[in-house]
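Please look at the structure shown below before reading on.

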Amino acid sequence: MNAAQTAEAAEGFRAVHGGEPTGIWAAPGRVNLIGEHTDYNDGFVMPLALPHTTRVAAARRDDGVLGLHSADVSGGTVRLPAEKLAPGTADGWAAYPAGVVWALREAGLLSGREGGADLYIRSDVPTGAGLSSSAALEVATAVALNDLYGLGLAPERIARLCQRAENEFVGVPCGIMDQMASACCTAGHALHLDTRDLAVRQVPFDLAAAGLRLLVVDTRVKHALGDGEYARRRAGCEEAAAALGVAALRDVPYGELDTALAGLTDPALRPLVRHVVTENRRVEEVVGLLDAGDPRSIGPVLTAGHASLRDDFAVSCPELDLVVETANAAGALGARMTGGGFGGSAVVLVEAAGAEEVGAEVADAFDAAGHPAPRLFEAVPSTGARRLDG
């Protein structure tokens, strides 16, 4: 973490709220290496934390007022009574930290006027890019309140509470992956997560040692998971699971996929099932290849995942497809969209020596197609949520 960023958060707090912050906390955004739209199907995912973080400078208040100020959004400071928070009482960006306080209170962890705090928020996680800026904001808020109120919550519990905040307070039916990645990832690793029981394994992911790089290409096509398309995919998966007589699509064995598809009377559900079942299989393949010390061979698995998201789950867009097609044609080892889809970002696995050439080809393709220039940066597996000072 840049010391200047920590100092800026403290100074911003002083300017907005007066006095000194008790501490400064941070939580990262994430990219998902493989395992998309599997988390709300009790499946497997494999995210890694980005070096991009949301920082929260915070101090406890004893009057029950939640004072929220984002340096990245105009509109001044939002002040809300913690004990009167309920879904619908906050909107926009403020709904995310407010929802965390609500979730803590609903869980019986805060009572009376507890939950009051002044927060100064600053982030460099790109918004609308499929990199979990919302989860970073939620988790940074939660770890700050965890320390301010001495709650003693484990990272997995924090992730669950933040997911509830986003599901029930904000109204986005997301799975648990984003919050778990922000709370639990470790530097130099990808997080192999079973979203059913939250069992985790830190899988070494040192691409630099293998002469590789993982690029993130932000298409700058803003996605919004609250617009209904994400919810419709999730509802379709739940309908398919019920029709197949399983608790979740995670329970459909890969070897029995054809039988399961034949048993569905609604043809619209078949591609959803095919994607989830094969995507869980792809997570297993990637873990096996990394365990075998063969990171180069995960490239085709990433590309196959993109094809499934594009053709079966129908959550890609022309800009994401252009990234994948152009990067692979330019010599990338593999590429796929990452995140919920409908815009956002793609990840591209490249030889380190060819990274600049691949990036330039993608930028040229966007220019030729008349799209705004994409933003490219390297995904370096980084640390999850933590306190920055003290």
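## Basis of the report

This is a predicted model, in which local features need pLDDT of at least 70 and side-chain atom pairs count only at pLDDT 80 or more, while totals for chains, interfaces and linings use all residues. Residues are numbered from 1 along each chain as its sequence is written, and side-chain values use heavy atoms, leaving out hydrogens and water.

## The helix pair

Helices (DSSP runs of H or I, at least four residues) and strands (runs of E, at least two) are numbered from the N terminus. Helix α8 (residues 270–291) packs against helix α9 (residues 299–311) at an angle of about 170 degrees, and their axes are 10 Å apart. Axes are lines fitted to C-alpha atoms, for helices over the stretch in contact, and angles run from 0 to 180 degrees between N-to-C directions. The helices α8 and α9 are therefore roughly antiparallel, a term for angles over 145 degrees.

On the α8 side, the residues in contact (heavy atoms within 4.5 Å) include His-275, Arg-282 and Leu-289, and on the α9 side they include Val-301 and Leu-309.

## The sheet

Four strands form an open sheet in the order β9-β10-β8-β11, with antiparallel pairing; two strands pair if DSSP finds at least two bridges between them. At the edges are β9 (334–338) and β11 (375–378), each pairing on one side only.

Strand β8 (residues 212–218) pairs with β11 in the antiparallel sense over four bridges. Leu-215 stands opposite Glu-378 in β11.

## Helix and sheet together

Helix α9 lies across β9 and β10 (345–351) and runs at about 40 degrees to β9.

Technical notes:
Parallel < 35°, antiparallel > 145°, perpendicular 65-115°, else oblique.
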